[in-house]
Amino acid sequence: GVSPSEEPLVTLPSWTGASPCKAEEMACDSGDCIAAELACDFADTCADGSDEKHCGTTAFESEAGGWHDVSVGRLRWGLQTVTELDTFLTGEAVPTTKTMLFSTFLTVQAGEGQMVGPAKARTPPLGPSGPACTMEMSYRIHSDPQGFLSISVTDHTTGTTQLAWHTQGHGSIAGGHVRVPLGERSRPFQVELLALVDLQGSASVSVDNVTFEQCYLDVVSPTAAELSCNFERGMCGWYQDLSSDFKWVHSMGQGQGSDHTTGSGYFLSVDPSVPWSRGQRARLLTSHQEPAAAPRCLSFWYRLAGPQIGTLNLKLRLEGGEEMVLWTCRGTQGSIWHRAWATLPATGQQRYQVRSRPPMSLTPARHRVSDTTARGQVAFEVLRDGFLGDVGLDDLTLTAGPCGAELSCSFEAEDCGLTASGKGTWQRQSNGTGTAAGPATDHTTGTAAGHYMVVSTGSASLPAGHMAALTSQPYQPSVPAQCLAFWYQLSIGTPGTLGVFVEQRGVRRKALSVSTVKGSSWHRSHITVQPNADWQVVFEAVGAGGDHGYIALDDLHVSDGACPEPASCDFEQDTCGWSSPSDPRLYSFAWGWKSGIILAKYPGPEQDHTLGTRNGHYMHFDTSMLGARGTSALLESPPLPAATDSCLRFWYHMDILEHLASGELRVTLHSAAGQRTVWSMVGHHSRGWQGAVVPVQSPSEFQISFEITTRRWPMQGTVALDDIVYSTGVGCHSNPEGPVEEKPSGSFVVEVVLSLLLALIIVVLVAAGVWYRLKQQGLGSRTPAQSNTPQGFDNITFRD
C-alpha cells in the first residue's frame with residue numbers, strides 16, 4: 001500500500017477553564033453566564049446548547065471536545081490528522097476506510113517527561129448521570145502484551161477511581177467499537193483514558209468517535225419500563241449500580257445450576273466470595289419510574305445459597321434519598337429457586353408512608369407521611385455479610401394491583417399485610433436497644449436487629465380476659481391440604497394465652513392454644529389447613545392479668561401438603577424447621593438444601609433418598625469448607641418437649657476419602673442439662689444411602705443436632721441427610737418400619753455389579769486352572785494299557 005501522509009502531531013490542550021463569567025459560572029457561546037455546575041450535565045442549559053459542546057462527545061475533527069491531557073512522563077495524548085490512505089476502526093470487527101479526505105483522532109505521543117507511566121486524558125467534570133448512561137468509542141491498539149488501553153471513572157468527592165473497561169496489547173493490530181456502562185452517578189465525575197505503549201517501531205494506541213449516550217438523569221430508554229424480565233435477551237429495564245463494590249453478572253450458570261425460566265437460559269447472579277469483591281454490596285437498579293397512582297405486585301424467583309451467604313433486599317428508592325425495604329431475606333435458603341412477592345406502593349397523588357432506617361441502625365423504623373408525588377427506583381441489593389455463597393435472580397413479573405397474602409414472612413421488611421385489632425396492639429419491632437418489651441433477638445436472624453411481631457400482655461396493656469388479634473390477608477387454596485408453620489415466644493411469668501384460629505367463609509375454627517411453653521427461646525408450631533375457600537389465620541393473645549409479659553410471633557410460612565410431625569422431614573417442600581444456628585461471634589457454617597442435580601459449587605449425592613431421583617431434595621454439607629475458620633457444622637431441630645421413650649430414624653450419605661476419615665457425623669442432644677452424643681459415624685467412601693436408628697431420651701426440653709466435625713484440615717468430601725422421622729413415646733423397637741438397610745445409589749449398584757463380575761471371572765479362571773492341572777497329572781500317571789481304558793476317578797489320580 002501507499003504510506004499515508006501524516007500532519008504534524010497536535011498537543012492536546014490542558015484544562016484551563018478560562019471564562020469571562022464569575023468564579024462559579026461559565027460562559028455560553030452567546031455570552032450568557034450559567035452556573036458552572038450545570039455544564040456537562042447532559043442537559044442543554046444554554047439557549048444555544050454550548051454548555052454541552054465540550055463535554056467529551058467528539059469525533060476530534062475540529063477540536064479535542066473537552067478532553068485535556070494530564071500526563072506526567074514520557075507519554076501523552078494528542079491529536080493526529082492523517083490522509084485518507086490510512087485506516088481506522090470505526091465500530092466494525094475489521095478495519096474499514098474512513099470516508100473523509102482528512103481524519104483526526106486521539107493518539108498516544110511522546111511526552112517531554114522522563115517518568116515511565118501511562119498517558120492520561122480526562123473529560124471535564126460530568127454528570128450527574130442516569131442509570132442507562134453509556135460511553136461509546138472506537139479504538140485501535142498495536143502493542144506488546146505490556147501495553148494497554150483503559151477507561152476509568154474518577155469521583156473527586158470521594159477520592160475514588162473505578163476501572164470501567166480495559167484491553168491488553170497482543171503484538172498485533174486489534175480494535176473495534178466498545179460500549180462501556182457508566183451507570184447512575186449522583187455526584188460529578190470525570191472519565192479518564194489511560195494508555196501505555198512502547199512507541200518504538202509501529203506500536204500505537206488511538207481513540208476516535210467518542211459519545212455519551214442516554215446519560216441525562218430523566219432519560220427513559222425504550223426498555224426502562226420493563227420491570228418484567230426473564231433475562232434471556234438482556235437486562236430489560238434493569239441496570240448495574242456501578243458505584244457498587246461487586247457486580248451482578250448476566251450468566252448461564254458458572255457452576256450454580258440452571259436458570260429458572262428454561263433450565264438452560266440466562267439469569268442474574270452475584271458471587272460475593274470472588275476475590276475482587278472486597279466491598280459490602282451489589283445493587284441492581286431500574287431507571288427512575290414515574291409516580292404510580294396504584295400499587296403493583298412484583299414477583300420474582302431467587303436463589304440464596306452457600307454455607308456463609310449474606311442478605312438479599314428489594315428496596316424502593318424515592319427522590320430525596322428515602323428508601324423503603326419492601327422485602328428481605330438473609331442466610332442460606334438452599335441452592336434451589338424460591339418464589340417471592342412484594343407490593344410496590346403507590347407514590348402518585350395520594351398519601352404514602354416512607355419507612356426508613358439508617359444503614360446498620362438498630363433503632364425502629366421512622367415514618368413520614370407525604371401528599372406529594374414521588375418518582376422512585378426499584379433496587380435489588382446484596383449485602384455481603386457472609387463470604388461463601390452466591391445469589392441468583394430470574395423471572396421478574398410486574399402486575400397491576402397489590403400482591404396477595406405472602407406465603408413466607410419474616411417481618412424484616414414489613415408486617416406482610418397482617419392487621420391488628422382488639423384491646424391490645426400487636427406491633428412490629430426489633431430489640432436493638434435491649435430495653436423493648438419483647439424477645440431480645442428475633443428468630444430469623446438471631447440478632448437484636450431482627451424484627452418480629454409482639455404484643456404486651458401486662459395488665460396495663462391487656463387486662464385479664466381481653467384479647468388482641470392479628471389477622472392475615474386471605475390465602476388462596478392451592479392443594480387439598482396446606483401447612484401453616486410459625487415460631488412463637490411467650491415470656492416468663494404470666495404472659496397469657498396464644499390462640500390460633502383458621503377462618504373460612506366467615507366461620508372461625510380454633511386450631512391451637514398455647515399457654516404453658518414459656519421462656520426466652522423461640523418455639524415452632526404448625527397447623528394443617530384443609531381449605532375449601534380462601535382462608536385467613538388469626539392469632540389471638542388473651543391477657544391473664546400479670547404485671548408484665550408479652551407474646552411474640554416470627555417467620556410465618558405456608559406450604560403445600562399436610563404438616564409433618566415435629567422434627568420429621570423429607571425436605572421436599574421445605575426444611576421443616578431444621579436450621580443451622582447463626583452466631584456472628586463464631587465462624588459458623590450452614591448446611592445447604594438442594595436436589596440431586598449436579599452443581600459444581602455444591603456437590604452431593606446424585607439422587608435423594610425419598611424419591612430416588614435427581615429431582616428429590618435433601619440436606620447436605622461440603623466438608624472442604626471446614627478449614628481454618630471452623631471445625632464443625634450444625635443442623636438443629638426445633639425445640640422438642642421432654643422425651644422418655646422416643647426414636648429418631650434417618651438416612652445419611654457420606655462420601656469422604658478413606659485416608660482422611662477423621663471426619664465424623666454425630667447426633668447430639670442439647671438441653672439445659674448439657675450436651676450428649678447418642679450416635680456417631682466416621683467418614684468413609686460412599687456406600688449409598690445408609691439408615692440409622694437412634695433411641696432418644698431427655699428429661700427436659702431439648703434439640704436434636706447433626707454435627708460434622710474434623711480433626712484434620714482440609715477434609716474433602718460431602719455429607720447428606722434425608723427422610724428424618726422422629727417418633728415420640730413409642731420407642732425404636734415398636735415400629736418395624738424404618739431405615740434398617742442400605743438403599744444403594746446408582747454408582748454403588750454399578751460397583752456391586754462390577755465386583756460380582758470380577759469375582760465370577762476369578763472363580764472361572766481358578767476352576768480352569770485346577771482342571772488343567774488335574775488333567776496333566778492324570779495323563780502323566782497312566783500306563784500304555786491304561787490309556788485305552790475308559791477314564792474315571794481313582795485313588796491314584798487324587799493322590800497327594
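The torsion about the S-S bond between Cys-21 and Cys-33 is about -80°, so this disulfide is left-handed. A disulfide here is a pair of cysteine sulfur atoms within 2.5 Å, and this one has an S to S distance of 1.9 Å. Cys-21 sits in the loop between β1 (10-11) and β2 (25-27), while Cys-33 belongs to strand β3 (residues 33-35), so the bond ties together parts that are 12 residues apart in sequence. Strands (E, at least two residues) and helices (H or I, at least four) are DSSP runs, numbered from the N terminus.

Before going on, a word about what you're looking at: this is a predicted model, where local features need pLDDT of at least 70, side-chain atom pairs count only at pLDDT 80 or more, and totals for chains, interfaces and linings use all residues. Residues are numbered from 1 along each chain as its sequence is written, and side-chain values use heavy atoms, with hydrogens and water left out.

**The disulfides**

How many disulfides does the structure hold? There are 10 of them. A disulfide is a covalent bond between the sulfur atoms of two cysteines. Here are three of the pairs:

| Pair | S to S distance | Torsion about the S-S bond |
|---|---|---|
| Cys-21 and Cys-33 | 1.9 Å | about -80° |
| Cys-297 and Cys-403 | 2.0 Å | 105° |
| Cys-647 and Cys-732 | 2.1 Å | 105° |

The link of Cys-297 and Cys-403 is right-handed. It joins distant parts of the chain, with Cys-297 in strand β18 and Cys-403 in the loop between β25 (388-400) and β26, 106 residues apart. The link of Cys-647 and Cys-732 is right-handed too. Cys-647 lies in strand β40 (residues 643-656) and Cys-732 in the loop between β45 (717-727) and α1 (746-781), 85 residues apart.

Are these cysteines buried or exposed? Buried means under 20% relative accessible area, exposed means over 50%, and partly exposed is in between (1.4 Å probe, protein chains only). Cys-21 is buried at 14%, but Cys-33 is partly exposed at 38%. Cys-297 is buried at 7%, and Cys-403 is buried at 11%. Cys-647 and Cys-732 are both buried. Another cysteine, Cys-329, is buried as well, with a relative accessible area of 12%.

Two strands pair if DSSP finds at least two bridges between them. Strand β18 (residues 296-308) pairs with β21 over 8 bridges, and Leu-298 has Ala-342 in β21 as its bridge partner.

**Around strand β36**

Now for strand β36 (residues 550-560): 9 of its 11 residues are buried, so this strand is largely enclosed by the rest of the structure. Which strands pair with β36?

- β26 (residues 408-409) pairs with β36 over 2 bridges, with Ser-408 opposite His-557.
- β29 (residues 452-456) pairs with β36 over 4 bridges, with Met-453 opposite Leu-553.
- β31 (residues 482-490) pairs with β36 over 8 bridges, with Val-558 as the bridge partner of Leu-484.
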